[in-house]
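Subject: Structure for you to look at

Hello,

Here is the structure I promised to pass on. Please open it first, then read my notes below.

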2 protein chains.
Amino acid sequence: MQNFTFHNPTRILFGKGREDEVGAVAREYGSRALVHFGGDYLRKNGLLERIEASLSAAGIEFVEYDGVVPNPRLSTVKEGIRLCRENRLDFVLAIGGGSAIDSSKAIAAGACMDGDVWDCFTGKAQVEKALPIGVVLTIPASGSESSKACIITKDEGSQKRMCSSPHILPKFAILDPETTYTLPAYQTAAGCCDIMSHLMERYFTQTEQVDFTDRLLEGALRTMLVTAPRVLAEPDNYDYRAEVMFVGNVAHNDLLGMGREEDWACHDIEHELSALYDVTHGAGLTVITPAWMKYVYKQNLPRFVQFAVRVMDVDLAFDQPEAIALEGIHRLEAFFRSLGMPTSFADLKIPADRIPEMARRALDGRPYAGHFAHLNEEDIAAIYRLAL
Amino acid sequence: MQNFTFHNPTRILFGKGREDEVGAVAREYGSRALVHFGGDYLRKNGLLERIEASLSAAGIEFVEYDGVVPNPRLSTVKEGIRLCRENRLDFVLAIGGGSAIDSSKAIAAGACMDGDVWDCFTGKAQVEKALPIGVVLTIPASGSESSKACIITKDEGSQKRMCSSPHILPKFAILDPETTYTLPAYQTAAGCCDIMSHLMERYFTQTEQVDFTDRLLEGALRTMLVTAPRVLAEPDNYDYRAEVMFVGNVAHNDLLGMGREEDWACHDIEHELSALYDVTHGAGLTVITPAWMKYVYKQNLPRFVQFAVRVMDVDLAFDQPEAIALEGIHRLEAFFRSLGMPTSFADLKIPADRIPEMARRALDGRPYAGHFAHLNEEDIAAIYRLAL
């Protein structure tokens with residue numbers, strides 16, 4: 001086990017009707033809020049109205065900013081920063097999923113700096129300060145509601161970059177499973193697979209003697225294997241929606257990766273699909289992850305055997321470790337397909353012609369991606385081709 | 001799943017040598033510290049010296065208070081409060097296990113109130129404020145390093161009472177597995193069993209549809225089943241000590257009980273053994289827990305079957321649920337014995353003559369203890385007798 005520091009002070013308010021508490025909780029952090037979200041569904045289902053009523057009842061003035069798009073854009077962020085400055089806002093409330101939250105995080109940081117917020121995504125500057133951020137989560141997937149990370153895409157050139165800072169960790173997040181009942185099946189499935197990816201990026205490690213976090217990750221993955229099909233079959237089952245929402249939060253609050261080197265190559269490799277073809281992140285991950293597994297499993301066969309046996313329920317036959325590992329990967333791929341998710345470029349209708357460019361962009365100047373296996377440009381291109 | 005709020009801002013610094021950071025971290029919270037601990041081992045192994053050097057290097061003045069005893073006493077707390085006031089101290093650093101931490105918590109609260117701190121343990125007063133608390137953990141067991149709870153025994157009458165408040169949640173806790181190498185075997189085993197009890201008090205619930213936390217708890221329990229014997233066989237194996245210390249922390253940081261009604265009857269029933277006979281808490285728990293299980297398993301047979309199958313690896317034969325449940329309890333009891341722990345009053349050399357008094361005291365005026373099963377005085381006496 002490696003040394004680690006764990007510190008996650010985000011307050012999680014989980015359960016039915018908790019969004020009615022948003023005003024009372026937000027009042028601890030500010031009195032003039034930017035309410036940032038995207039899409040009409042929040043107006044149609046009445047959630048926006050209830051949230052704004054709660055803010056008003058707590059004496060919080062607010063400016064609505066309805067502009068979030070999937071894979072959130074720097075231009076959206078800049079407009080949000082302008083609104084915060086112009087209206088002297090002191091708090092940002094994100095309503096939605098990872099896109100709303102990440103857009104809000106970048107706005108909160110940018111509103112407190114003189115320079116260009118994009119510099120925090122290129123390494124030229126650090127986030128020194130940010131407006132306090134609150135979240136009402138309606139799409140469980142990204143885990144961004146209690147993470148320090150934020151991913152933004154620059155409009156020109158579609159560069160997708162991450163920034164990480166404790167200053168942009170949300171102060172609180174409200175998770176009401178009922179708000180996710182109307183999430184379309186495809187988005188629900190993509191969210192479940194994104195959550196599973198956050199677990200697997202941590203699970204596949206070369207760090208030895210990490211039995212406790214192994215077992216927590218395995219338990220979380222097994223919960224998703226059982227629950228994802230159930231929630232698709234019964235989208236308004238409270239308990240199934242609650243399990244997904246809770247796992248999604250814990251999967252990415254840092255705890256389950258403590259003491260172990262995490263991988264994150266699949267995320268790096270997938271981001272080019274999202275950036276160039278605007279693929280839903282979770283869908284890109286179900287294409288990339290099995291291909292990545294097939295490419296790297298020999299780098300630590302016992303770990304892939306453990307995954308196959310403990311997570312995918314493959315029968316153990318000690319003399320055939322490779323067959324067990326491959327069966328585990330095969331079952332995961334079949335599981336993704338059973339949820340209606342793509343597992344190939346063909347499924348996504350994406351051509352192969354930009355693979356060399358994507359491999360170069362995925363590395364973005366670094367010598368390699370990933371930690372379980374160090375992947376250079378050639379390796380990444382090979383993984384894309386395995387996923388054709 | 002029930003609604004819940006999860007908020008645990010304690011910063012965990014985990015790993016080799018982390019205690020050398022204590023001064024730098026403590027400096028964020030105070031400049032005049034009470035350093036509270038008990039016993040000579042910290043002087044002998046050099047840890048106290050290293051901690052105090054780190055405090056001095058950070059410019060923190062401190063007063064040593066070497067007075068912690070197991071099942072910490074109110075008289076010790078009052079002397080600590082006097083020291084804080086007399087020396088105008090603004091921070092309390094606990095070094096040790098649950099006793100040092102709980103004593104420190106009560107001191108930190110008492111130093112900030114005009115009245116008697118015992119009132120916070122009887123419900124007459126609330127903790128409104130406390131000095132900030134830091135912890136260097138040397139005995140993994142209680143989980144008190146990131147919990148809001150504190151248990152103190154009043155000297156006269158041996159009343160053992162709990163107080164809970166977010167104000168006494170430690171600001172940080174330093175967990176270096178190497179500091180636990182010299183922990184005697186019996187205390188190591190008792191700590192492991194206390195940790196397992198914290199997991200089981202959460203596991204045995206009547207709340208339905210709590211699959212995710214079930215699996216996290218099962219994973220944590222299985223880690224302990226594998227690791228506890230290993231750590232007794234190899235007390236200076238870093239990785240085994242690390243697993244125990246990490247599980248001990250997570251077992252009691254609240255996360256694993258979210259969304260489910262917890263039980264805590266075994267703790268209530270055990271506390272009388274500790275209070276009247278000064279039994280090590282973990283040892284009292286290995287006596288009480290199997291007896292409690294035998295008394296209550298019929299209240300939710302499927303849950304005990306799940307425990308037997310998923311945690312204790314009992315083969316599932318669907319037509320014999322009761323046999324499976326009992327075999328799970330039997331295996332847990334055998335596991336406790338394999339660690340050298342007592343499983344009966346006889347093992348502890350405790351007589352049966354005070355059982356009625358203990359049953360009354362365990363309830364302490366409440367109509368019942370526990371939530372998985374509601375236990376009245378008669379039930380509790382029956383559980384004590386099952387443990388003779």
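**Two domains in chain A**

The C-alpha centres of domain 1 and domain 2 of chain A are 27 Å apart. Bear in mind that this is a predicted model. The domain assignment puts domain 1 of chain A at 11–179 and domain 2 of chain A at 184–386.

Over residues 9–177, chain A is 30% helix and 27% strand. The end C-alpha atoms of that stretch are 22 Å apart.

The size of an interface is often given as the accessible area lost when the parts come together. Between domain 1 and domain 2 of chain A, about 2,000 Å² is buried. Carbon and sulfur atoms carry 55% of that area. In residues, 28 from domain 1 of chain A are in contact with 23 from domain 2 of chain A.

Polar links are present too. Seven residue pairs are in polar contact between domain 1 and domain 2 of chain A, with both residues at pLDDT 80 or more. There are also three salt bridges between these two domains. For a salt bridge to inspect, go to Asp254(A) and Lys148(A), whose closest N and O atoms are 3.1 Å apart.

Which elements give two or more residues to the side of domain 1 of chain A that touches domain 2 of chain A? They are strand 1 (4–14) and strand 7 (159–164) of chain A. Strand 7 of chain A gives the most, with three residues. By class, this side of domain 1 has nine nonpolar, eleven polar and eight charged residues.

**Where chain B meets chain A**

Now the contact between the chains. Chain A and chain B each put 39 residues into the contact. About 3,700 Å² is buried between chain B and chain A, and carbon and sulfur atoms give 60% of it. Met1(B), Phe212(B) and Phe246(B) supply 20% of the area that chain B buries against chain A, more than any other three residues.

How many salt bridges are there between chain B and chain A? The count is zero. Polar contacts do occur: 18 residue pairs between chain B and chain A, both residues at pLDDT 80 or more. On the side of chain B that touches chain A, strand 1 (4–14), helix 8 (211–233) and helix 9 (238–250) of chain B each supply at least two residues. The residues of that side divide into 20 nonpolar, eleven polar and eight charged.

**Salt bridges elsewhere**

Side chains of opposite charge can pair when their charged atoms come close. Over all chains, a search of the whole structure finds 55 salt bridges. One pair to look at is Arg82(A) and Glu86(A), with N to O at 2.3 Å. Both residues lie in helix 4 (residues 74–86) of chain A. They are four residues apart, about one turn of the helix.

**One residue in chain B**

Last, Ile151(B), in strand 6 (residues 149–154) of chain B. Setting aside neighbours within four places in sequence, Ile151(B) is in contact with Pro72(B), Asp102(B), Lys160(B), Arg161(B), Met162(B) and His271(B). Cys120(B) is 31 residues from Ile151(B) in sequence, and their C-alpha atoms are 11 Å apart.

Best wishes

Key
Residues are numbered from 1 along each chain as its sequence is written. Chains are lettered from A and ligands numbered from 1 in the order in which they are written. This is a predicted model: local features need pLDDT of at least 70, side-chain atom pairs count only at pLDDT 80 or more; totals for chains, interfaces and linings use all residues. Side-chain values use heavy atoms; hydrogens and water are left out. Domain bounds come from an automatic or database domain assignment. Contact means heavy atoms within 4.5 Å. Buried area is the accessible area (1.4 Å probe) that two parts lose on being put together, summed over both. A salt bridge is a side-chain nitrogen of Lys or Arg within 4 Å of a carboxyl oxygen of Asp or Glu. A polar contact is a pair of N or O atoms within 3.5 Å; within protein, one must be able to donate a hydrogen and the other to accept it, and residues adjacent in sequence count only if both atoms are side-chain atoms. Ala, Val, Leu, Ile, Met, Phe, Trp, Tyr, Cys and Pro count as nonpolar, Asp, Glu, Lys and Arg as charged, and the others, Gly among them, as polar.
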